[in-house]
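I opened this notebook to record what I looked up in one structure. The entries follow the order in which I took up the topics.

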Amino acid sequence: MSLNPRLAATRALAAVLAGKASLAALPAQLEQVEPRDRALAQELAFGTARWQPRLALLAEQLLRKPFKAADRDIEALLLIGLYQLLHTRIPAHAAIGETVACAEQLKKPWAKGLLNAVLRRVQREGAALLAGLKGDPVARTAHPRWLQQALKANWPEHWEAICAANNEHPPLTLRVNRRLASRDIYLAELAAAGIPASACRFSRDGILLGEPRDVRSLPGFAEGRFSVQDEAAQLAAYLLEPMPGQRVLDACCAPGGKTCHLLESEPRLAELVAIDLEERRLERVRENLDRLGLAARLIAADARATGSWWDGRRFQRILLDAPCSATGVIRRHPDIKLTRQASDIPALAMLQGELLDALWPTLEVGGILLYATCSILPAENSDTIAAFLARTPGARELDIASSFIGAKPGLAQRHGRQLLPQPQGHDGFYYAKLIKIAAGPRG
């Protein structure tokens, strides 16, 4: 028997609310949903996560007491009901009736009356109830308080625009495989097929589609003529500047988009070594390499434990796409609003510093290390690089802006360059480019 799309979304969101999973687990639920209903289930799960901070405040006003931990599923179901009423065109009677009915399937019939009462009140008074919350920036921006405050403190002139961009549906951006065709040729093919698209502003290989669609329906997907990759992430290959005959390390490589772009950008590399912590994450990298007809040496290891994977031969180029808070890609992963906490940031910054310290000795003198994150928090970006430069005499920073002719992406920071999420443009991303001018005590 197929799974109700609202129930599938509820189960996925309940696991997120309970801190047991992210929405990356949603596909397992979607497999049980009728194909025609899968888009609805995904929209309900992702849309509710996107607006959860606001919806949760609204629900708090209407409930006599908070839900127990054992009733995260009913909490998720209520939020999904509120999302349908306030953010979709689903008729109110269908949204309420179908949502309330799910309580029976969750084996919690006691919740039907509560759900019905709250949802019907929002149907009647939703606009007035939301107006009463406008004074709270959490409700206004639909961001958790810690993140809203951090963005306001770090980006006083941009924080509201950042929040607005985070709440949008993300654009679909392609990276043309230059080994097979130029961007202009592929744009002409899309135009001939009646598919609206335009060239990205900063990436020489990037194409922005006019509207999202199943990429498998686009010309040349199976043949590896393009990949899906945000424009900001595409800049890594240009900034690292790989050259023929060089050994390149891609640390923390999964899912492999930048690995593949480096190989497409310079097919005459001596070797590209790609590392990620878990073997299961490398499976996706292998799939991407195979589809594009590329090859790299994949290693499952902790990049910090160089003794377990490094053969002692130094690299001329290193890309460190470090684990981070992912606060620059919230529009693609809105459950970050629920799963990430302020207390995570110092631990992530420490990990990023450890990775820099461990990988630096594997870089050849004269070599370049490109540090990247999809975070927009300085504690993980310019602060991390400042601390590394202060304790690493042989490291110097290179100017990133000089890599671009004309318009420069992002904002110059005291170290590196910060890209903020742009409406119908690139995601939030950070880059710092370092050169090794002398070896230290460890290399």
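Predicted model: local features only at pLDDT ≥ 70, side-chain atom pairs only at ≥ 80, totals over all residues.

Residues are numbered from 1 along each chain as its sequence is written, and side-chain values use heavy atoms, without hydrogens and water.

**Helix 4.** I looked up helix 4, residues 72-87 (helices are DSSP runs of H or I with at least four residues, strands runs of E with at least two, numbered from the N terminus).

**Aromatic pairs.** I find five aromatic pairs in the structure (ring centres of Phe, Tyr or the six-membered ring of Trp within 6.5 Å; edge-to-face means planes over 60 degrees apart). Trp360 and Phe388 pair edge-to-face, with 5.3 Å between centres and 75 degrees between planes. Trp360 lies in the loop between helix 15 and strand 9 and Phe388 in helix 16, so this pair ties together parts 28 residues apart in sequence. Both Trp360 and Phe388 are buried.

I then took up Tyr371 and Tyr430, whose ring centres are 6.2 Å apart with planes at 75 degrees, so this pair is edge-to-face. Tyr371 belongs to strand 9 and Tyr430 to strand 13, so the pair joins parts 59 residues apart in sequence. Tyr371 is buried at 0% relative accessible area, and Tyr430 counts as buried at 0%.

**Cluster.** I record one aromatic cluster formed by Tyr186, Phe221 and Phe226.

Methods: Expected span 1.5 Å × (residues − 1). Phe/Tyr/Trp six-rings, centres within 6.5 Å; stacked < 30°, edge-to-face > 60°. Buried < 20%, exposed > 50% of the residue type's maximum accessible area, 1.4 Å probe, protein only.
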